[in-house]
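Student: I would like to go through this model term by term and ask what each label rests on.
Tutor: Go ahead.

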Amino acid sequence: MRPSAQRAPAREAMRSTNQLAVFHAIHRHGPISRVELAALLRLSPASITDITSEMIERRLVYEAREAESTGVGRRKVLLEVDYGHAAVVGIKVSNVAVHAALTDLKSDVLSARVDALASTDVETVVGAVVGAVEALRAETADNLVGIGVSVPGSVDHAAGTVAYSPLLGWRDAHLAEALEDATGLPVVVENDVNALATAEAWFGRGSEAEDFLVVTLGRGVGLGIVLNGELYRGPRGGAGELGHVVLEPGGLDGMYAGRGTVEAYLSDDGLLRQARTSVPGLPPGAGVDALLALAEAGDREARALFDRAGTVLGRTLSMLVNLFAPSLVVLAGEGMRAASYLVPPARRILAAYGFGDAGERTEIAIEPWGDDAWARGAATLAASYYLEREASRTGGERPGETSN
């Protein structure tokens with residue numbers, strides 16, 4: 001092979017890398033001028049102009065407005081990402097329903113729906129997801145570019161398979177392949193908490209942090225890990241199963257995670273199991289909302305239960321902070337409806353048990369999201385995949401292809 005032919009793939013790879021760097025800079029710092037991009041990325045003004053012109057043609061980026069005049073030279077034109085030029089569908093699969101959201105590329109919801117599940121077998125779930133996608137696709141102007149699906153459990157992200165989901169009763173479910181065959185659209189499958197972490201990294205509090213954690217409370221307890229700006233999944237996609245960590249061997253029994261686990265103490269089911277023996281004012285069959293209403297009405301036993309749970313949360317957070325030293329921990333999920341009772345004792349324990357002043361230096365942010373936000377998190381999977389794929393695509397590639 002001639003030297004020039006050998007250099008061609010290297011040039012294409014370098015251009016793809018530069019394009020992606022320019023896109024991420026506009027995403028993070030926009031509105032931003034071409035001059036500022038060149039200085040930030042240490043690329044030549046000619047390269048910046050070339051790359052951004054191509055991105056404007058692809059509608060990835062647009063010229064938003066002119067900067068304020070400095071009194072010297074021409075006004076700079078500011079660039080922003082065009083998040084409205086296409087749409088995606090985000091799907092959150094739970095054990096009772098499929099929550100779907102049609103969003104723009106910034107995960108702002110355009111339409112949403114919930115479809116109950118008759119069962120959680122793979123065929124039923126695939127059928128429900130396809131039905132939701134087709135219903136939402138009818139509301140777009142042929143600009144649907146992908147699907148993101150979040151599920152509870154261990155996911156092989158690269159293969160698009162659900163390796164193991166106790167809540168759904170799945171093992172080695174080839175979810176992405178089935179949905180791509182049925183819809184003809186690219187599909188990204190991810191663990192549900194990792195999907196939330198992705199959304200936080202792109203559009204939430206995590207966009208300003210290189211190292212942060214997302215801890216979710218609700219039907220279960222989960223953990224999303226972002227280190228050096230990258231989502232950490234582990235070699236088999238099973239990182240972050242915080243709910244299955246044993247705090248007290250032989251302790252409280254949990255529905256899915258086992259005895260003495262974090263989930264046995266902090267999940268919705270765990271709280272209700274404790275309440276049945278310690279909160280006499282809770283009616284039989286009542287849920288966590290009723291337990292919270294008791295606490296808000298001044299019920300001492302209900303408040304004491306949430307205080308104990310907050311202490312367990314603080315111990316859990318102290319372990320995570322001591323292990324990962326994040327700058328930020330985002331608390332999310334349905335369980336955060338009780339944040340006013342859980343977080344104060346958790347902060348006290350974290351400050352006491354964190355190594356040195358790590359507990360006090362770690363920022364704690366609360367995102368009281370429900371299932372609609374889980375679906376928005378899944379939509380971010382599809383949006384980020386599409387945006388990065390298109391941003392890194394070089395001139396010789398067709399849409400949907402990327403350089404290796």
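Student: Which exposed residues does the face of α9 turned away from its buried side carry?
Tutor: That face carries D289 and E296. Exposed means over 50% relative accessible area, buried under 20%, and partly exposed in between, with a 1.4 Å probe and protein chains only. The model is predicted, so local features need pLDDT of at least 70 and side-chain atom pairs pLDDT 80 or more, while totals for chains, interfaces and linings use all residues. Residues are numbered from 1 along each chain as its sequence is written, and side-chain values use heavy atoms, with hydrogens and water left out.

Student: Which residues of α9 are buried?
Tutor: V288, L291, L292, L294 and A295 are buried in α9.

Student: Why are they said to line one face of the helix?
Tutor: Seen down the axis of α9, the buried residues fall within an arc of 155 degrees, so they line one face. The arc is taken from the directions from the helix axis to the C-beta atoms.

Student: What do the buried residues of α9 pack against?
Tutor: They pack against α8, α10 and α11, where a contact means heavy atoms within 4.5 Å. Leaving out residues up to four places away in sequence, L291 touches L271, A275, V279, L282, A302, L305 and F306. After α9 comes G298, with a positive phi near 100 degrees.

Student: What makes a group of residues a nonpolar core?
Tutor: The set must consist of buried Ala, Val, Leu, Ile, Met, Phe, Trp, Tyr and Cys residues joined through side-chain atoms within 4.5 Å. The largest such core has 43 residues, and V215, L266, L291, F306, L317 and L331 have the most contacts inside it. Elements giving two or more residues to this core include β12 (212-217), α8 (268-278), α9 (288-296) and α11 (339-353). The largest share of this core, nine residues, is from α10. A second, separate core has 31 residues, among them A100, W170, A176 and V187.

Student: Why is S107 called buried?
Tutor: The relative accessible area of S107 is 2%, and the cut-off for buried is under 20%. S107 therefore counts as buried. S107 is in the loop between β5 (97-104) and β6 (109-116).

Student: Why is D172 called exposed, and where is the residue placed?
Tutor: D172 has a relative accessible area of 55%, and exposed requires over 50%. D172 is therefore exposed. Its place is in strand β10, residues 170-173.

Student: What is the phi of S107, and of D172?
Tutor: Phi of S107 is near 65 degrees, and phi of D172 is about 50 degrees. Both values are positive, and neither residue is a glycine. Most residues other than glycine have a negative phi, and most peptide bonds are trans.

Student: Which peptide bond is cis, from G30?
Tutor: The bond from G30 to P31 is cis, with omega near 0 degrees. P31 is in the loop between α1 and β1 (32-33).

Student: What makes R236 count as exposed?
Tutor: R236 has 68% relative accessibility, so it counts as exposed. R236 is found in the loop between β14 (230-232) and α7. Not counting residues up to four places away in sequence, R236 touches S154 and V155.

Student: What makes a space a pocket?
Tutor: On a 1 Å grid over the protein atoms alone, a pocket is an open set of points where a 1.4 Å probe fits, with protein on both sides within 12 Å along at least five of seven lines. Lining residues have an atom within 4 Å of a point.

Student: How many residues line the largest pocket, and what is its volume?
Tutor: The largest pocket holds about 1,300 Å³ of space. Of its 50 lining residues, H24, T198, W202, S384 and E388 are the closest to its centre. The largest share of this lining, seven residues, comes from α1.

Student: How many residues line the second largest pocket?
Tutor: The second largest pocket, with about 470 Å³ of space, is lined by 28 residues, and P152, G153, D192, G220 and E263 are the closest to its centre. β13 gives the most to this lining, with three residues. Both volumes are the space filled by probe spheres set on grid points, which are joined across faces, edges and corners.

Definitions and conventions: Helices (H or I, at least four residues) and strands (E, at least two) are DSSP runs, numbered from the N terminus.
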